[in-house]
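Try each task yourself before you read the solution.

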Amino acid sequence: MNEQPFLTDFPLTVFATARRRLQAAIRNASAIVTRSSLRGYAFLFSDVLPPDFLSAIDPTKRQHSFGHPPVFRAWLAQILEANPPARRPSVISRAGRQPADCPVPSSDTSSYCKARGRMSPDFLKDIHRRICKHLRSRVAGRDMWNGPNLKAVDGSSVQLMDTDENQEAYPQSSSQKKGCGFPHMGIVGPLNLGHGGWEHVETCPQSRHETIAAATLTRHLEKSDLLLGVRAFASYELICRTLAQGAHVLMRLHQARDHALDWNHGKKISPHERLVTWRCPYQPAGSSMARADWDALPKTLEVRLIKLSYENRAGEKGELILVTTLTDHQGFDGIELAGLYARRWDIELKLRDFKTTLGMESFDIRPFRSEP
């Protein structure tokens with residue numbers, strides 16, 4: 001029999017099934033070995049989070065079974081394996097200590113859970129900054145759009161444990177009878193569409209409007225960023241905060257302005273585009289800004305409106321109006337901006353990855369709040 005190069009994905013009619021079964025068995029065995037201990041997970045992410053880095057940022061500086069680095073790796077394994085019970089990461093942690101000739105921890109999962117609760121927020125923030133830096137280093141010119149770095153913002157919610165503390169910090173929906181629903185925590189954050197990673201997350205009660213939490217996200221924007229979002233985020237306050245960071249927005253026009261819109265106002269660019277000037281409104285009751293900061297906002301704001309025709313899933317036709325601070329219609333074509341807005345839906349897929357694929361619709365945590 002003549003030897004030929006073998007590629008796994010070729011059809012069975014080309015290569016023998018026995019060899020394919022052998023390769024599949026090797027892959028499965030390799031995956032089992034990798035997931036059976038912390039050493040395997042440490043190897044998988046060694047190029048991003050090398051052991052020396054984790055040891056350097058460990059605030060305890062102690063080498064023990066439930067130190068920050070091993071507990072973090074066990075926690076990572078728990079997330080990547082669709083959030084199994086704490087017994088699984090506890091087993092992984094014990095397996096990871098045996099090759100190092102260290103005492104094997106107890107099989108009781110309470111030690112792992114307590115160690116996870118003691119993990120320093122600064123330790124996790126350092127890891128997050130390291131991951132974001134690594135992701136940014138891999139962004140190429142083709143991942144950007146005519147220069148701007150694309151970011152999308154959206155919000156969702158996760159279910160928490162039904163405790164008095166969680167109910168107070170993140171109350172259940174007002175439509176549910178008291179005591180019959182679980183607390184829900186709202187989450188909102190920007191997704192970098194260049195590398196596909198979440199760069200920051202804010203939390204708030206689900207009943208609070210997403211833009212209240214999102215307003216603080218603008219400090220994480222950088223010059224030349226272009227922020228995409230649904231109409232709920234297209235507020236005067238958030239747009240001004242974004243411009244102050246040197247970034248721009250491309251969003252659907254807020255429903256309040258959409259209802260009161262007179263298309264004949266402003267400067268005509270084309271039948272489907274206009275430049276309009278907004279005046280600073282009165283500060284809404286739900287704004288998180290101090291009154292002095294609100295008074296310091298620009299009194300007027302020039303924006304560009306782009307009118308689109310679309311067809312929904314039911315086949316019904318309608319009009320959609322976008323608002324952007326990219327007012328240079330020659331440098332930024334309106335048709336291209338309209339197509340670019342569709343990229344905002346990428347964040348919906350990432351939310352699905354976060355909640356459904358990783359099994360994180362529910363969080364077994366104590367209440368916590370994002371820093372102001």
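Helices (H or I, at least four residues) and strands (E, at least two) are DSSP runs, numbered from the N terminus. This is a predicted model, where local features need pLDDT of at least 70, side-chain atom pairs count only at pLDDT 80 or more, and totals for chains, interfaces and linings use all residues. Residues are numbered from 1 along each chain as its sequence is written, and side-chain values use heavy atoms, with hydrogens and water left out.

**Exercise 1.** Work out how many helices and strands the chain has, and what share of its residues is buried.

Solution. Start with the secondary structure: it comes to 14 helices and 11 strands. Next, burial: buried means under 20% relative accessible area, exposed over 50%, partly exposed in between (1.4 Å probe, protein chains only). With those cut-offs, 39% of the 372 residues count as buried.

**Exercise 2.** Find the aromatic pair and say which parts of the chain the pair links.

Solution. First, the rule: rings of Phe, Tyr and Trp (its six-membered ring) pair if their centres lie within 6.5 Å; planes under 30 degrees apart count as stacked, over 60 as edge-to-face and the rest as tilted. That gives 1 aromatic pair. Phe72 and Phe123 are the partners, edge-to-face, with 6.2 Å centre to centre and 85° between the planes. Now place them: Phe72 is in helix α4 (residues 68-80) and Phe123 in helix α7 (residues 121-137), 51 residues apart, so the pair links distant parts of the chain. Last, check burial: Phe72 is buried at 12% relative accessible area, and Phe123 is buried too, at 1%.

**Exercise 3.** Look for charged side chains over rings: which ring does Arg130 lie over, and which does Lys307?

Solution. A charge sits over a ring if NZ of Lys or CZ of Arg is within 6 Å of the ring centre and within 35 degrees of the ring normal. Arg130 lies over the face of Phe53, 4.5 Å from the ring centre. For Lys307, the ring belongs to Trp263, with the charged end 4.3 Å from its centre.

**Exercise 4.** Is Thr242 buried or exposed, and what is it in contact with?

Solution. Begin with its place, helix α10 (residues 236-244). Thr242 has a relative accessible area of 0%, so it's buried. Then list its contacts (heavy atoms within 4.5 Å). Leaving aside neighbours within four places in sequence, Thr242 touches Thr218, Leu221, Leu227, Ala247, His248 and Val249.
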